[in-house]
Amino acid sequence: MIVQEPIQVIVWDCLNNYEFDNAIFLAERLHAEVASEETAFLLGTCYYRARRLNEAHYLLQNIPLTLPQARFLLAKCCVDLKLYKDAEIALGTNLDIVASEFGEQAPYALQLLAKIFNTTERRTKAADASRKALALNPFMWKSFLQLCNMGEKVEPHQVFQINNAEFTFGVSTLVNLVSNSENISFVNSNIPNNANMNANVTPNNVSNRTPMTMSTSITPETQAPVKRMHSVFSGMAPIPFSPSFGMLPMEESPILYTPTLTDSNEQKAIPKIVNSLRAHVGQLKDAVFSPSPRCTLGPAPRRSSRLFSNNNSSYSVKENNKSPSRKFVAPKSPRKNKQRTAKNIKSNSDTNERTKNIETLTPTITPKNTNGVALLNLLKELGEAYKSLTLLDCKNAIKLFQEIPPKQLASPWVQTMIARAHYELAQYDAAAKIFAEIRKQHPNRTEGMDIYSTCLWHLQREAQLSALAQELVELDKNNSISWLAAGNCFSLHKERETALKFFKRAVQIDPEAAYAHALLGHEYAVAEETDKALTSFRTAVSIDPRNYVAWFGIATVYARQERWKASEVHIRRALAVHPHSGVLRCQLGLAQAALGKMDRALATLERAVALDTENPLCRFHRASVLLRAGRPQDALSDLHHLKDIAPRESLVYYLLGKVHNKLGNSHLALMHFSWATDLDPKGTGGHIKEGFDPSKQEDPPERTS
């Protein structure tokens with residue numbers, strides 16, 4: 001007969017050391033012997049970590065689940081398999097009930113529920129679930145990102161702070177584990193084995209049968225597993241947990257008590273060790289979640305104490321209001337009281353000295369380095385910067401990112417965000433330099449490389465883009481970003497069919513990538529496959545309603561079809577997301593001019609030029625509209641400026657010829673027409689149409705935004 005408890009510890013040890021095949025084999029043996037929800041959860045965890053999702057899903061869906069941990073694992077499998085309805089059923093839809101049922105897993109369950117709601121286009125519920133997760137655990141950075149990406153109003157200074165006394169995630173499990181001293185034993189390789197020890201395999205004597213290198217380890221006692229599990233999982237059915245979760249560090253420390261050879265046996269050492277651990281955990285709890293090294297948490301019992309006490313006074317956490325630091329009352333030993341010997345008295349005095357050392361050591365710990373306040377302050381700074389970036393206030397975002405501490409500023413994620421802000425400002429050269437440095441420092445990093453490839457596309461750097469695409473594809477062929485870079489590379493070379501094939505491959509790998517759908521739509525638009533282009537753009541906005549590139553793509557398709565009213569409506573949707581874009585306002589001005597709203601069109605184009613003074617496209621379109629409005633003299637200044645910054649652009653010379661022809665300067669008009677023909681003798685006829693209808697350009701103007 002297989003003893004259940006040691007096998008669970010061995011399986012978790014395999015999982016923590018990434019030996020998934022061995023963990024699966026042992027967990028299958030255990031589940032075959034003891035077919036219960038507890039063993040099914042352990043086996044399902046092994047399957048999930050080994051990415052055998054279908055097996056984990058099949059195992060858990062065919063048994064009635066009562067444990068929140070098992071329900072959460074089933075929901076994770078369902079989401080990965082895109083079975084969103086089943087995942088929602090496993091978790092539940094009432095946020096308050098989810099928060100109460102899942103205990104310390106509640107923030108993660110709510111975050112998963114928010115992902116389900118967002119994917120199924122119930123974005124109001126998704127925002128509520130993300131806010132609830134952040135309220136329970138302010139370190140849920142992913143929930144904050146999701147709220148920002150959805151365009152929700154969220155204040156980092158209000159989110160990233162511990163102002164809720166109910167927040168004890170991660171620490172309460174450790175507190176309750178240490179408080180249950182009857183179920184903790186300490187194995188020391190230096191202590192001689194007791195001849196009366198049970199011959200069966202238990203966590204207490206497993207060190208005799210397996211090579212254990214740690215001098216001290218916390219292991220569960222098989223005599224009372226239910227009490228231990230109840231104290232840890234707040235009255236739920238017993239369930240194993242990872243030995244690495246909530247454990248104290250094993251390195252030598254003056255705070256922790258280490259058994260020595262002077263102890264007659266390990267049982268005599270338990271009361272001393274537990275007392276030392278309790279004192280240490282109490283100070284650890286105060287140090288992590290308080291702005292000062294030593295502070296009281298008040299006489300009222302915390303929510304975590306009520307949840308994990310299981311209404312059992314012998315295992316409850318008690319507070320000593322007379323002391324500024326938290327104290328724990330040791331439970332009475334199950335043995336009969338024996339008369340103290342001189343040796344025991346000496347040992348107690350040693351313990352008291354260690355306790356005094358703890359009292360003197362604790363105040364020297366600075367809260368800046370030991371508690372969560374410093375991390376929350378950093379999250380506030382990063383949150384403010386990321387919020388500005390998602391609102392496309394890019395100049396402010398760059399300023400805020402550059403004000404964070406130097407070590408964080410040099411990290412690849414922060415540098416990627418700064419480069420992305422430059423990209424949104426159409427500062428492609430600056431963005432490309434930052435991305436190039438990231439590639440140099442972190443050659444295996446793929447995050448943001450799709451934006452990098454688009455920057456190189458705008459800069460017409462064929463060699464760099466080709467090298468980037470080849471490196472990314474060789475690095476990971478199962479990453480959509482690799483194929484997006486390859487698609488941009490072939491798009492730059494005007495190889496439309498190959499570019500479309502690679503963009504389709506990117507969408508196939510990651511169907512939820514809105515940017516991939518948008519780029520596919522642009523390539524379809526260039527190939528004049530308008531129906532497919534609209535389908536791709538609409539898929540992109542259904543995934544991410546704030547994807548202004550896709551809204552802009554729809555507007556340009558309608559402009560090509562001369563459906564100017566529909567084009568104006570969709571370009572306004574894009575402007576609602578990105579009001580600081582000069583190119584978007586330029587496109588709006590063209591739509592207004594086509595509808596005969598010349599005054600509004602000129603006002604819109606004036607604002608577009610003011611927003612993006614360095615963009616030649618805005619000045620060119622303003623000159624074109626001024627010419628159509630009968631104001632050729634006003635158009636001359638923009639065209640002369642364009643001739644200086646783009647001296648080889650034939651379309652500029654052609655439009656200058658039209659302006660001079662309107663002004664009666666026939667010789668200047670003929671001269672500029674001749675220059676335009678010399679610069680592009682085969683494309684002049686096409687440029688004549690493009691000058692008055694920019695929607696007929698071969699490459700859509702949005703790719704230069």
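# A tour of the helices and rings

Of the 705 residues of the protein chain, 50% count as buried, where buried means under 20% relative accessible area, exposed over 50%, and partly exposed in between (1.4 Å probe, protein chains only). This is a predicted model, in which local features need pLDDT of at least 70 and side-chain atom pairs count only at pLDDT 80 or more, while totals for chains, interfaces and linings use all residues. Residues are numbered from 1 along each chain as its sequence is written, and side-chain values use heavy atoms, with hydrogens and water left out.

Start with a cartoon view of the whole chain. The protein chain has 38 helices and two strands; helices (H or I, at least four residues) and strands (E, at least two) are DSSP runs, numbered from the N terminus. Contact means heavy atoms within 4.5 Å. Among contacts between residues at least 6 apart in sequence, 60% join residues at least 24 apart.

**Stop 1: a pair of tryptophans**

Select Trp-141 and Trp-413. Aromatic pairs number 13 in the structure. Rings of Phe, Tyr and Trp (its six-membered ring) pair if their centres lie within 6.5 Å; planes under 30 degrees apart count as stacked, over 60 as edge-to-face and the rest as tilted. The ring centres of Trp-141 and Trp-413 are 6.0 Å apart and the planes stand at 80°, so this pair is edge-to-face. The pair links distant parts of the chain: Trp-141 belongs to helix H10 (residues 141-149) and Trp-413 to helix H22 (residues 412-424), 272 residues apart. Why does Trp-141 count as buried? Because the relative accessible area of Trp-141 is 18%.

**Stop 2: Pro-156**

Select Pro-156, which lies in helix H11 (residues 156-159). Pro-156 has 0% relative accessibility and therefore counts as buried. Which residues does Pro-156 contact, leaving aside its neighbours within four places in sequence? They are Phe-144, Lys-380, Gly-383, Glu-384 and Lys-387. Show Leu-379 as well: it is 223 residues from Pro-156 along the chain, and their C-alpha atoms are separated by 7.8 Å.

**Stop 3: Leu-392**

Move to the loop between helix H19 (373-390) and helix H20 (394-401), where Leu-392 lies. Leu-392 is not a glycine, yet it has a positive phi of about 60°. Its relative accessible area is 6%, so Leu-392 is buried.

For another residue of this kind, select Lys-82, in the loop between helix H5 (68-80) and helix H6 (84-91). Lys-82 has a positive phi of about 65° although it is not a glycine. Lys-82 counts as partly exposed because its relative accessibility is 44%.

**Stop 4: helices H22 and H23**

Select H22 again, together with helix H23 (residues 428-441). Their axes come within 7 Å and cross at roughly 160°; axes are lines fitted to C-alpha atoms, for helices over the stretch in contact, and angles run from 0 to 180 degrees between N-to-C directions. That makes H22 roughly antiparallel to H23, since angles under 35 degrees count as roughly parallel, over 145 as roughly antiparallel, 65 to 115 as roughly perpendicular and the rest as oblique. The residues in contact include Ile-418, Ala-419 and Tyr-423 of H22 and Tyr-428, Ile-434 and Phe-435 of H23.

Keep Tyr-423 and Tyr-428 in view. Both are buried. Their rings form a tilted aromatic pair, 6.0 Å centre to centre with 55° between the planes.

**Stop 5: helices H34 and H36**

Select helix H34 (residues 616-628) and helix H36 (residues 650-663), whose axes come within 11 Å and cross at roughly 25°. H34 and H36 are therefore roughly parallel to each other. On the H34 side the contact is made by Phe-620, Ala-623, Ser-624 and Leu-627. On the H36 side the residues are Leu-651, Leu-655, Lys-658, Val-659 and Lys-662.

Next select Leu-642, in helix H35 (residues 632-645). Leu-642 has 1% relative accessibility, so it counts as buried. Not counting residues up to four places away in sequence, Leu-642 touches Pro-616, Arg-619, Phe-620 and Val-652.

**Stop 6: arginines over rings**

Finish with Arg-573, which lies over the face of Trp-551 at 4.1 Å from the ring centre. A charge sits over a ring if NZ of Lys or CZ of Arg is within 6 Å of the ring centre and within 35 degrees of the ring normal. Arg-51 lies over the face of Tyr-48, at 5.2 Å from the ring centre.
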